[in-house]
Amino acid sequence: MINTDVLVIGGGPAGMAAALSASENGSKVVLVERDNILGGILNQCIHNGFGLHYFHEELTGPEFAYRFRKLVEADKNITVYTNTLVTKIGEKFVEVMGALGNERINAKAIVLAMGCHERTAGNINLCGTRPMGVLTAGTVQKMVNIDGKIVGKDVVILGSGDIGLIMARRLTLEGAKVHMVLEINQTSSGLRRNIMQCLEDFDIPLLFSHTVFEVVGRDRVEGIYYGEVDENFKPIESTRKFLKCDTVVLSVGLVPEMAVANFVKTSNITNGAVVNEFYQTEKGWLFSCGNILHVHDLVDNVALEAKQAGKFASLYASNKLLASDNVLEVEHSKDFSYALPATIFAGQGNTEIKFRLKAKIIKKTIVAKCGDVILGKKFVLAGVPGEMMSITFDKSGANKKISLEIV
Ligand SMILES: Cc1cc2nc3c(=O)[nH]c(=O)nc-3n(C[C@H](O)[C@H](O)[C@H](O)COP(=O)(O)OP(=O)(O)OC[C@H]3O[C@@H](n4cnc5c(N)ncnc54)[C@H](O)[C@@H]3O)c2cc1C
């Protein structure tokens with residue numbers, strides 16, 4: 001049996017940042033990672049564009065992960081167990097298997113930092129046969145960047161999430177012909193910079209309101225039927241066309257890795273835990289951050305959020321996390337897909353609400369209000385659903401529900 005103050009599950013950027021922050025705040029920390037190395041998904045993201053906000057430098061994913069890994073390894077308050085899978089979370093303890101054998105770790109506070117997994121062909125009820133060559137973008141990323149394997153020559157990408165956009169460029173650079181990216185929505189969930197740098201720069205068409213009607217092929221993908229969808233995402237049969245290809249790459253969304261924490265109340269929008277301002281779930285001893293809480297667009301934001309969560313977990317572990325009894329709910333108008341946290345504690349000081357928009361906005365102002373009192377405003381020149389946004393304001397004027405609106 002192992003005892004610690006703070007236990008962090010998952011050694012990706014969120015887990016490493018949370019562990020470092022909990023240690024900085026005086027806690028003894030155990031960090032558990034199922035893989036044989038810390039770094040999480042960053043280890044397979046070999047393109048650049050990471051770290052601009054956190055390290056003020058442009059790094060690749062492995063470089064970003066390496067910087068954090070060195071800090072974690074040098075920290076005497078943090079014990080890392082790699083090759084160790086958390087199989088169960090109980091009241092202030094976890095059960096693990098792997099390098100430690102079957103072991104129990106007790107902790108005063110636990111931080112969930114297990115990231116996401118990708119939605120698959122089964123999850124989206126992709127029609128047609130199931131031949132070789134239908135792969136998720138993350139699997140393709142690992143096969144190409146880590147295993148050094150080419151996945152196909154004639155590729156279609158379904159979904160315009162960031163991983164799909166990045167893989168469109170990567171596969172093109174490896175000599176494949178990426179025919180098109182099909183997006184069922186009228187806008188992309190990916191970042192604008194990825195659409196420009198990964199598609200437009202390589203003349204790869206992005207077709208909105210389009211989807212794959214059917215995958216064709218017995219042993220290997222031989223092609224797809226594709227076409228337009230109506231406003232209810234129903235295929236418009238008169239637009240059906242055939243395209244010869246050997247690979248269909250799916251980039252159709254990420255799902256928080258909540259299987260071992262399925263006892264926690266979750267949001268039906270983000271599928272992550274419902275948390276308060278301290279990233280604390282309804283179980284006071286359980287905290288959540290990074291992609292397991294909500295899907296982030298930038299890893300820098302993951303690290304900054306996890307730094308906060310690690311600090312609050314450490315304060316909780318040492319009985320120093322002071323919360324007001326006056327809990328203010330956060331609500332939002334229908335222009336937002338979600339806002340996080342779900343609740344804020346009344347009191348002094350600044351607070352931050354993160355959110356995603358439902359549709360593109362141009363030259364609008366985001367307003368945080370309490371009744372008729374305006375707590376904060378943020379002018380947005382251009383905002384899209386693919387970008388995670390936030391508003392920071394002084395909460396001292398708030399004494400009941402806080403609402404977000406666009407004016
Ligand atoms: C396939 C994929 C590709 C991506 N590519 C990009 C990209 O190219 N660029 C970009 O900016 N963002 C990318 N992202 C987004 C990226 O996930 C985040 O930016 C960031 O890595 C999230 O950090 P995290 O620590 O929350 O999660 P992760 O990096 O996913 O780390 C979670 C860690 O938890 C571990 N873990 C999970 N369950 C357990 C368990 N039960 N016990 C022990 N350990 C566990 C995992 O092994 C993993 O190491 C990608 C995401 C995915 C899923």
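This is a short tour of a predicted model, with stops to select one after another.

Residues are numbered from 1 along each chain, as its sequence is written. Local features in this predicted model need pLDDT of at least 70 and side-chain atom pairs count only at pLDDT 80 or more, while totals for chains, interfaces and linings use all residues.

**Stop 1: the domains**

Colour three domains: domain 1 (1–118 + 254–323), domain 2 (120–252) and domain 3 (326–407). These bounds come from an automatic or database domain assignment. The C-alpha centres of domain 1 and domain 2 lie 31 Å apart. Their contact takes five residues from domain 1 and 11 residues from domain 2. Contact here means that the C-beta atoms of two residues, placed from the backbone, lie within 7 Å.

**Stop 2: the ligand**

Select the ligand and the residues around it. The shell holds 36 residues, and the closest are Gly12, Gly40, Gly115, Gly138 and Gly290. Elements giving two or more residues include helix 1 (13–24), strand 6 (84–90), helix 3 (137–145) and helix 6 (299–317). Helices (H or I, at least four residues) and strands (E, at least two) are DSSP runs, numbered from the N terminus. Domain 1 and domain 2 each supply at least three residues of the shell. By class, the shell has 19 nonpolar, 11 polar and six charged residues. Nonpolar covers Ala, Val, Leu, Ile, Met, Phe, Trp, Tyr, Cys and Pro; charged covers Asp, Glu, Lys and Arg; the others, Gly among them, are polar.

**Stop 3**

Next, show the open sheet of five strands in the order 10-17-11-12-13, with parallel pairing. Two strands pair if DSSP finds at least two bridges between them. Strand 10 and strand 13 (206–208) are the edges, each pairing on one side only. Neighbouring strands are turned by 20° against each other on average, direction ignored.

Now pick strand 17 (residues 247–250). Buried means 20 or more other C-beta atoms within 10 Å of the residue's own, with C-beta atoms placed from the backbone; exposed means 12 or fewer, and partly exposed is in between.

Look to either partner. Strand 10 (residues 134–136) joins strand 17 through three bridges, and Thr136 stands opposite Leu250. Strand 11 (residues 154–158) pairs with strand 17 over four bridges, and Ile157 faces Val249.

Helix 4 lies across strand 11, strand 12 (177–183) and strand 17, and runs at about 170° to strand 12. Axes are lines fitted to C-alpha atoms, for helices over the stretch in contact, and angles run from 0 to 180 degrees between N-to-C directions.

**Stop 4**

Move to another open sheet of five strands, in the order 22-20-27-24-25, with mixed pairing. Its edges are strand 22 (343–345) and strand 25 (373–383). The twist averages 25° from one strand to the next. Strand 24 (residues 361–370) and strand 27 (residues 402–406) run antiparallel, joined by four bridges. There, Ala368 stands opposite Leu404.

**Stop 5: Val330**

Finish in strand 20 (residues 327–332), at Val330. Is Val330 buried or exposed? Val330 is buried, because 22 other C-beta atoms lie within 10 Å. Beyond neighbours within four places in sequence, its contacts include Ile344, Ile353 and Ile402. Ala342 is 12 residues away along the chain, yet the C-alpha atoms of Val330 and Ala342 are separated by 5.3 Å.

Technical notes. A residue is near a molecule or strand if its C-beta atom, placed from the backbone, lies within 6 Å of it.
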